[in-house]
Amino acid sequence: MVRLATIARRFYLDGRSKVEIAEEFGLSRFKVARDLETARSSGIVRIDIRLPARLVGEQSELLREAFGLRRAIVVDASEDPLETRRALGSVAARLLAEIVRPDEVLGLAWSRGLQAMGAEMVPLPRCTVVQLNGVLSEHTEAGGSVETVRRVATLSGGPAYPIYAPLILPDAATAETLRADPGIAAAFAHFDRLTTAVVAIGGWDERNSTVYQALTPEARERYSALGVRAEMSAQLFDARGEQIRTDLDERIISVSADRLREVPEVVAVAGAGDEAKARAVGAVLRSGLVSTLVTDSDVAGVLLSEAPSD
């Protein structure tokens, strides 16, 4: 037992290789391997894998498998939605620090969760940072997408391409004119070079969608009648994840769903909502546009209860 404990200490705590341990104890490396296995099975060695308290590892893996994602990161939901949103933003900020590489093109949409991410952002490798859509005027005073793009670019030391324009315009002609503006056109020109895009997912009601809130009652009813249940960057989706094409497509200043489909990494940060928001997240996941999801345990619970059987 003493030998087993000593060999285990050499291997797990001192970082010694099995060959080195074999030489020290006059054993074969195969005998060392068997001793390590015995140390584990007999309880001499106990391996305890822990995540930080706010991360829910089991739900994360189940969600990743259920929806065929590259990554899923689930944060334990708080009773306070603001605290949950802050936790989602912090996790998303740390994730970007891990996955963004030098000279990449990083695109950022806007939501309250992504605003929290911008506030929690840590230094990134030097990269180009591009705004993915226009702004909603009612949120600019609280620190909107332009401020987030500039902050992230400052932390990376790379150039920023903000979009100084509304997200939704009254008609297609006005939107087309604005897209031709040199500053906006410069941002749009980088959409073809995006390597990572960070987006938000909205539901289709007053509480869960800033896009819904910005539309007229007539437009809301019209799109609802077409089966809209979710939106992402003002792109509309039904419950199956199929994109619904409407006149709104011509009236927005935003990256398109078709363009997002070509981006190697699309990170969706979506949580701090009710069951309707969770179902909206599920709808967008079914579209196949999202590769990584950062969400909370409440949303994850709804998604897993309704996950596709295949």
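**Reading a helix crossing and a pocket**

Q: At what angle do the axes of helix 5 and helix 6 cross?
A: In this predicted model, the two axes cross at roughly 60 degrees and come within 7 Å.

Q: How is that angle read: is helix 5 parallel or oblique to helix 6?
A: Angles under 35 degrees count as roughly parallel, and 65 to 115 as roughly perpendicular. The angle here therefore makes helix 5 oblique to helix 6.

Q: Is the crossing of helix 5 and helix 6 left-handed or right-handed?
A: Helix 5 and helix 6 make a right-handed crossing.

Q: Which residues make the contact?
A: Helix 5 contributes Arg-85, Arg-86, Gly-89, Ser-90, Ala-92, Ala-93 and Leu-96. From helix 6 come Arg-112, Gly-113, Ala-116, Met-117 and Glu-120. By class, the contact of these helices has five nonpolar, three polar and four charged residues.

Q: How much space lies in the largest pocket?
A: Rolling a probe the size of a water molecule over the atoms shows where empty space is left. In this structure, the largest pocket holds about 510 Å³ of space.

Q: Which residues of the lining lie nearest the centre of the largest pocket?
A: They are Ser-111, Arg-112, Ala-200, Thr-210 and Lys-277, out of 34 lining residues. Two or more lining residues come from each of helix 5 (81–99), helix 6 (112–120) and helix 10 (210–214). Helix 5 gives the largest share, three residues.

Q: How many residues of that lining are nonpolar, polar and charged?
A: The lining of the largest pocket has 14 nonpolar, 15 polar and five charged residues.

Conventions:
Residues are numbered from 1 along each chain as its sequence is written. This is a predicted model: local features need pLDDT of at least 70, side-chain atom pairs count only at pLDDT 80 or more; totals for chains, interfaces and linings use all residues. Side-chain values use heavy atoms; hydrogens and water are left out. On a 1 Å grid over the protein atoms alone, a cavity is a set of points where a 1.4 Å probe fits but cannot get out, and a pocket is an open set with protein on both sides within 12 Å along at least five of seven lines; lining residues have an atom within 4 Å of a point. Grid points are joined across faces, edges and corners, and a volume is the space filled by probe spheres set on the points. Helices (H or I, at least four residues) and strands (E, at least two) are DSSP runs, numbered from the N terminus. Ala, Val, Leu, Ile, Met, Phe, Trp, Tyr, Cys and Pro count as nonpolar, Asp, Glu, Lys and Arg as charged, and the others, Gly among them, as polar. Axes are lines fitted to C-alpha atoms, for helices over the stretch in contact, and angles run from 0 to 180 degrees between N-to-C directions. Angles under 35 degrees count as roughly parallel, over 145 as roughly antiparallel, 65 to 115 as roughly perpendicular and the rest as oblique. A crossing is left-handed if the near helix is turned anticlockwise from the far one by less than a right angle, and right-handed if clockwise. Contact means heavy atoms within 4.5 Å.
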